[in-house]
Amino acid sequence: MHLSRRNRILRLSPAIRAMVAETILKPSDFIAPLFIIEGSGIKEEIPSMQGYYRRSIDLTVQEVKELWAMGIKSVLLFIKCKDELKDNKGTEALNPNGLMQRSIRAIKDACPDMVVMTDVALDPFSTYGHDGIVDGDEIVNDPTVEVLAKMSVSHAQAGADIVAPSDMMDGRILAIREALEQNGLTKTGIMAYSAKYASCFYGPFRDALDSAPGFGDKKTYQMDYANRREALKEVLMDVEEGADIVMVKPAMAYLDIIREVRDNVDVPVSAYHVSGEYAMIKAAANMGWLDENKAIIESLTSIKRAGADLIATYFAKDAVKLING
Ligand code: PBG
């Protein structure tokens with residue numbers, strides 16, 4: 001054979017493959033989600049997320065310092081609210097001394113340079129486990145948006161760098177931006193969960209926070225996974241309304257959406273490699289059916305290759321160890 005091109009030349013050795021690799025993961029690509037609970041000295045494993053934990057504030061602060069030392073620049077905070085503090089109005093979500101607000105302050109005190117992002121949605125605080133206020137069998141939009149805006153202000157006042165509304169109510173990005181402006185919070189960013197699909201892959205997360213919907217599902221606010229054009233509509237509206245970063249969620253079953261979004265906006269795009277995606281890799285690895293480390297790096301590389309500038313992932317720490325490895 002006399003070939004004019006032999007593509008295998010650029011794959012011949014690890015050195016040449018490294019030279020021509022198009023997508024390289026780095027520690028600052030990752031956002032590390034953290035689950036926080038009341039108490040002290042507590043670190044409990046989440047049964048459906050082996051190797052991932054809920055921690056009290058003191059141990060969360062230690063973890064944040066470790067993440068920072070490894071080169072991870074951002075954490076995304078979720079709290080597990082006590083049952084007796086849940087209601088249908090998000091009262092506890094607005095408590096200036098609530099678990100979220102205390103966590104933000106403790107982390108910013110201990111590690112001021114870490115970019116602290118906070119989840120903004122009512123589900124952890126809701127007796128119904130829904131992201132908004134429930135009226136009859138409806139999750140009502142506009143009253144929910146009012147609470148989300150106040151919640152964002154409360155997080156920002158506690159020191160959050162970026163609020164991350166994950167609720168999928170209409171008009172919340174504009175309302176949050178306006179509320180931040182009205183309160184002089186001009187340095188707080190918004191990472192919008194813009195294309196968030198109604199997905200079965202959130203199951204383990206809902207175990208972690210005990211936040212599964214008590215009735216129905218989330219399909220009247222989260223998107224139908226059959227839809228691609230709708231994702232673009234959501235994302236463009238959020239950018240228009242003031243989002244600094246937009247997100248696609250979940251990640252691996254939605255790589256086409258990540259690419260579509262990356263090609264159509266000029267803000268950073270994040271992707272959330274969600275709890276169920278974590279659990280699948282862990283479970284298969286435990287059975288000896290997948291090489292966990294290889295599965296982690298291949299998955300995260302594919303998400304970045306699809307167009308994600310940032311990746312929220314429970315594998316953040318593992319990935320950094322592997323990259324530096
Ligand atoms: C709640 C929220 C969810 C996740 C992030 N914020 C769950 C849901 O919408 O039911 C999922 C994260 C994950 O599965 O890792 N607003």
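In this predicted model, a search of the whole structure identifies 18 salt bridges. One of the pairs is formed by the side chains of K304 and D29, with an N to O distance of 2.9 Å. K304 belongs to helix 10, which spans residues 292-306, whereas D29 is in the loop between helix 1 (14-20) and strand 1 (30-37); the pair therefore ties together parts that lie 275 residues apart in sequence.

The ligand is surrounded by 18 residues. Among these, K196, R206, K249, S275 and Y314 are the closest. Sorted by class, the shell around the ligand consists of eight nonpolar, three polar and seven charged residues.

Contacts between the ligand and polar side-chain atoms involve both nitrogen and oxygen atoms of the ligand. On the nitrogen side, a ligand nitrogen is found 2.8 Å from a polar side-chain atom of S166. For D123, an N or O atom of the side chain is 3.3 Å from a nitrogen atom of the ligand. On the oxygen side, an oxygen atom of the ligand lies 2.6 Å from an N or O atom in the side chain of Y314, a residue that is also listed among the closest to the ligand. Taken alone, the ligand exposes 400 Å², and 100% of this area is buried by the protein. The space that the ligand takes up is the largest cavity.

Conventions
Residues numbered from 1 in each chain as written. Predicted model: local features only at pLDDT ≥ 70, side-chain atom pairs only at ≥ 80, totals over all residues. Heavy atoms only, no water. Near = heavy atom within 4 Å. Polar contact = N/O pair within 3.5 Å; in protein donor to acceptor, adjacent residues only side chain to side chain. Areas by Shrake-Rupley, 256 points an atom, 1.4 Å probe, with all protein chains shown as cover. 1 Å grid on protein atoms, 1.4 Å probe; cavity = no way out; pocket = protein on both sides within 12 Å on 5 of 7 lines; lining within 4 Å. Sits in = over half its atoms within 2 Å of the grid points. Nonpolar A, V, L, I, M, F, W, Y, C, P; charged D, E, K, R; others polar. Salt bridge = Lys/Arg side-chain N within 4 Å of Asp/Glu carboxyl O. Helix = DSSP H or I, 4+ residues; strand = E, 2+ residues; numbered from the N terminus.
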